[in-house]
Amino acid sequence: MEEEKLKFEELGLAKNVQRALDEAGYVYTTSIQEQAIPVVLQGRDIIGQSQTGTGKTAAYCLPILEKIVKEEKYAQAIILSPTRELAVQITEELRKFTKYEDNIKCVAIYGGEQITRQILALKKGVQIIVGTPGRVMDHIRRKTLKLNNISMVVLDEADEMLNMGFEEDINTILSQVPEERQTVLFSATMNKTILNISKKYLKDPVNIKIKAKELTVEKIDQISLELKSSMKDDTVMNLIDLNNPKKSVVFCNTKRKVDKLIEVLKKSGYNAECLHGDIKQDQRQRIMNRFKKGEFGILVATDVVARGIDVDELELVINYDIPQEEYYVHRIGRTGRNGNCGKAYTFVVGKEKSKLFSIQKYANTKIVSGKLPSMQEISAIKNKQIVQDIQKVIDEKQLNANIKNDILVELLKNNDVNVVAQALFEMLNTKKDNKVNVENNVVNNISDTESVRLFLSVGKKDHVMAKDIVGSMAANGSISGSEIGKISILDKFSFVEVPGCYVNSVLDGMKGKQIKGKKFNIEMANSK
Ligand code: ADP
Ligand code: MG
């Protein structure tokens with residue numbers, strides 16, 4: 001049972017901010033937010049420690065927004081972050097929260113980008129600065145950034161900043177900020193250097209530490225399986241055949257994949273249903289109830305919807321896509337309840353292996369690497385199934401050697417009964433083979449990690465920029481921006497490199513879509 005969480009509404013934030021939160025779908029605070037926001041609002045210094053992905057950004061951004069004096073245009077808050085990516089992400093989060101607040105401006109300043117653009121932005125008057133220490137130092141030296149009116153400092157990912165050797169820079173920057181400021185530090189880990197920094201720069205800080213959710217996993221076998229994306233569907237079916245669970249849940253990361261997989265499963269005769277965000281609430285409830293009652297045995301779902309699942313006799317969980325660290329715990333924690341044993345398989349494709357390590361660290365658990373079911377195992381289990389099925393028919397229909405079927409009588413006139421049985425099996429098998437082959441997609445002989453060049457029939461002429469392509473692929477192609485490789489935009493067309501494992505989903509997902517309002521073709525480029 002999940003305990004009742006604090007809602008953002010209850011924090012009494014500014015109306016414009018609350019409206020933006022509603023729109024972004026932020027309803028309940030996370031633990032670190034629940035504990036940190038009120039304390040930061042009070043003006044206290046804090047040291048906040050919690051795992052990645054627990055919403056630390058909003059924990060300090062929302063109080064900052066409450067505290068900014070909108071009428072003043074000078075820099076009032078500075079957020080230091082270790083990398084440009086994080087600085088950009090924080091700025092995006094701030095912009096999300098200030099969507100309905102025209103009078104609060106923020107800017108990201110980081111190395112690797114033309115400093116002149118940043119100087120222009122700073123000149124216009126910005127209240128919140130998000131920057132990497134090195135570039136912030138640059139601006140201080142050039143006198144394009146003044147810190148004498150700063151009333152709030154955030155050190156985000158302090159551990160990472162120290163790892164990257166920013167201690168000196170942080171010291172220098174903090175020495176330029178007025179003494180009577182509020183200082184807030186967030187970090188995933190605590191160590192001596194961070195404690196020293198906080199002793200030096202934080203005043204009587206409140207310590208807030210959120211422990212990672214512990215997993216009670218002794219009863220769950222956790223197994224990772226390395227495979228190619230193109231093998232996932234078959235492997236799901238093989239695992240279900242092999243383990244023969246009363247109930248199983250297969251988790252995918254996107255609705256599209258849920259829809260595709262459920263189609264494959266149903267076509268292959270499995271009794272499966274699906275749940276995801278596009279399915280209406282009351283229907284979801286109905287499906288869930290039927291699953292609980294055991295009316296069907298396989299549920300394919302996305303994380304969002306599967307949150308509240310509590311199902312008896314759930315013996316198998318398959319992570320069709322590798323989950324976010326946090327979700328892993330939610331997903332596999334559902335099996336092996338009430339003293340039952342459970343198995344949890346996680347599919348891993350190519351580079352995702354590194355993610356497996358962070359999941360284990362986050363969840364404080366061990367996932368052993370397993371082998372894909374072998375042909376022998378699968379055929380053995382299938383044979384057993386066929387024998388059982390046939391035996392069932394024999395028993396139920398009380399068949400005996402006294403043959404009444406006209407066709408059989410006819411066949412047995414000239415053939416031995418064994419030969420007829422064999423011929424029937426041949427027919428059964430050819431039927432099955434035909435069924436399997438239709439599913440596999442266009443591209444098969446590409447390795448998952450190989451970089452594949454795709455051709456798009458839009459380019460500079462259509463005012464297409466790299467970010468438009470990335471955005472569209474991320475939205476439609478089930479690929480994250482960081483997985484997308486080199487993008488070359490030419491006059492009339494563009495090339496984009498993606499890892500082989502995404503080729504199918506990108507080609508499928510982008511079909512019929514538009515970029516910058518223009519329809520386009522997308523296909524594999526001929527050669528490098
Ligand atoms: P951290 O800094 O702890 O690693 P982030 O602040 O980057 O975590 O948040 C992780 C993700 O969760 C982001 O996509 C963010 O938008 C989202 N998020 C944060 N807080 C909430 C919330 N209360 N409700 C819904 N989504 C949230
Ligand atoms: Mg963070």
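I began with the sheet, an open one of seven strands in the order 3-4-2-5-6-1-7 with parallel pairing, where two strands pair if DSSP finds at least two bridges between them and strands (E, at least two residues) and helices (H or I, at least four) are DSSP runs numbered from the N terminus. I noted that strand 3 (106-109) and strand 7 (206-209) are the edge strands, each pairing on one side only.

I kept in mind that this is a predicted model, in which local features need pLDDT of at least 70 and side-chain atom pairs count only at pLDDT 80 or more, whereas totals for chains, interfaces and linings use all residues. Residues are numbered from 1 along each chain as its sequence is written, and side-chain values use heavy atoms, with hydrogens and water left out.

Next I looked up strand 2 (residues 77-80), which runs parallel to strand 5 (residues 152-155) and is joined to strand 5 by four bridges; A77 has M152 as its bridge partner there.

I then turned to the largest nonpolar core, of 47 residues, a core being a set of buried Ala, Val, Leu, Ile, Met, Phe, Trp, Tyr and Cys residues joined through side-chain atoms within 4.5 Å, and buried meaning under 20% relative accessible area with a 1.4 Å probe, protein chains only. Helix 11 (residues 255-267) gives the most to this core, with five residues.

Among the residues with the most contacts inside this core is L456; leaving aside neighbours within four places in sequence, I found L456 in contact (heavy atoms within 4.5 Å) with residues including I469, M473, F493 and I522.

Note on methods: Chains are lettered from A and ligands numbered from 1 in the order in which they are written. Buried means under 20% relative accessible area, exposed over 50%, partly exposed in between (1.4 Å probe, protein chains only).
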